[in-house]
Each structure stands twice: as structure tokens, then as C-alpha cells.
Amino acid sequence: MKRIAILGAESSGKSTLCEALARRYGTVWVPEYLREFVDTMGRVPFEEDQFGIARTQRAREDAAAAQAHDFLFCDTTPLMTALYSRVYWGRVDAQLQALASTHDYALTLVAATDTPWTPDGLQRESEEVRDMVHRMVLAELEGRRIPYLLVSGDLPQRMRQVEEALAGL
């Protein structure tokens with residue numbers, strides 16, 4: 001079983017892509033825990049919440065791995081939580097940094113920002129923030145020398161791009 005990371009800024013189609021890929025490959029996917037956190041708490045996270053959010057995201061990956069077939073599609077990773085810590089607080093605490101450094105996925109996909117930006121309550125800010133975060137994701141991956149595939153276009157186009165990449169694993 002191979003874990004596939006799907007990264008990207010807010011409103012870039014990560015969840016839609018994850019769900020579609022899981023259906024296509026007859027497996028499970030791991031939703032973004034941050035969305036649940038915001039819905040449950042009724043607020044955006046504070047800095048001290050970040051490590052717990054990332055740890056829960058990773059724990060859910062580990063739990064879902066037992067039910068996965070061939071691939072496990074992960075809608076975000078601790079790396080994104082660390083990146084958002086830098087955006088909002090200008091730093092990443094040591095525990096979160098350590099967790100985010102274990103980016104051990106068979107393939108990393110980055111969702112392009114060519115989908116319409118849609119506000120969704122507390123969690124999304126603006127198209128400008130989305131574009132800034134997208135640039136930060138690419139820079140982070142390049143700085144860490146983590147290979148990635150930038151997927152773009154509508155959902156069928158993105159699916160074809162991912163299917164080609166998965167066939168090569």
C-alpha cells in the first residue's frame with residue numbers, strides 16, 4: 001500500500017480529488033482533519049492547536065492504512081499544518097516541525113489554483129491568500145527536494161494526470 005499526499009492551498013480541489021481517486025481505485029482516503037476541527041470547535045485554530053491537528057491528521061492516516069487497498073489518498077499532511085503555522089504565526093514549534101519533516105509518501109501531488117476560489121466560512125480567507133500559500137507549498141517542496149506532480153485542470157484532467165503518475169509507481 002502506498003500513501004499519496006495531496007497538498008495545496010485552500011479551495012484548490014484537494015478533497016474532491018481525494019474522494020474521486022479513492023472511488024476510482026476502490027480504496028479509502030483521509031479527509032482533512034482541520035475542516036472537522038473548525039466545524040467542531042466553531043473557530044479557527046490557535047497556534048497551540050497546530051501540533052494536535054497535525055498529529056491527529058497523521059494518526060488518521062495510520063488508522064486508515066489498515067483499510068486501504070494499493071493506495072491511501074491523504075487530503076493534506078502535517079507539512080501543510082506547519083506551512084500554515086508560518087503563514088499565521090511566523091514560526092513552527094519544534095514538535096510540529098519534527099512531525100512535518102517525516103514526509104514519507106510514495107507520491108506527492110499539489111493541486112493547482114486553477115479552480116474557482118469559494119469561501120466556506122471560517123476556514124478560507126481570500127484568493128490572494130490561496131495564491132500566496134500555493135507559492136509557499138511549491139517553494140517548500142522544492143527546498144526540501146521532495147518531488148511532486150502539479151495537477152491542474154478540471155477533475156477529469158486531474159484524474160488522468162494522477163492515473164498516469166500512479167501507473168509509474
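A residue counts as buried when its relative accessible area is under 20%. By this criterion Cys18 is buried in the predicted model, at 0% relative accessibility. Cys74 is likewise buried, at 0%. A disulfide requires sulfur atoms within 2.5 Å. The sulfur of Cys18 lies 7.4 Å from that of Cys74, its closest cysteine sulfur, and is therefore too far away for a bond. Seen from Cys74, the closest cysteine sulfur is that of Cys18. The structure as a whole holds 0 disulfides.

Strand 1 (residues 2-7) runs parallel to strand 4, to which 4 bridges join it. Leu7 stands opposite Val110 of strand 4.

In soluble globular proteins, nonpolar side chains tend to be buried together. The largest nonpolar core in this model contains 21 residues. Leu7, Leu72, Met80, Val133, Val137 and Leu141 have the most contacts inside it. At least two residues of this core come from each of strand 1, helix 3, strand 3, helix 4 (78-89) and helix 6. Helix 6 supplies the largest share, 5 residues. Val137 touches Leu7, Met80, Leu83 and Val110, with residues up to four places away in sequence left out of the count.

Thr108 is located in strand 4. It is buried, because its relative accessibility is 2%. Its side chain makes a polar contact of 2.8 Å with the side chain of His103. Beyond four places in sequence, Thr108 touches Ala5, Leu7, His103, Leu141, Ile146, Pro147, Tyr148 and Leu149. Leu7 and Leu141 in this list are also among the core residues with the most contacts.

Asp114 is partly exposed, with a relative accessible area of 43%. Its contacts, leaving aside neighbours within four places in sequence, are Ser152, Gly153 and Arg158. With Arg158 there is a polar contact of 2.7 Å between the side chains. Asp114 and Asp131 are 17 residues apart along the chain, and their C-alpha atoms are separated by 9.9 Å.

Ala139 has its place in helix 6. Its relative accessible area is 45%, so Ala139 is partly exposed. Ala139 and Asp104 are 35 residues apart in sequence. In space, their C-alpha atoms are 18 Å apart.

Notes. Residues numbered from 1 in each chain as written. Predicted model: local features only at pLDDT ≥ 70, side-chain atom pairs only at ≥ 80, totals over all residues. Heavy atoms only, no water. Buried < 20%, exposed > 50% of the residue type's maximum accessible area, 1.4 Å probe, protein only. Contact = heavy atoms within 4.5 Å. Polar contact = N/O pair within 3.5 Å; in protein donor to acceptor, adjacent residues only side chain to side chain. Pairing = 2+ DSSP bridges. Core = buried A, V, L, I, M, F, W, Y, C linked by side-chain atoms within 4.5 Å.
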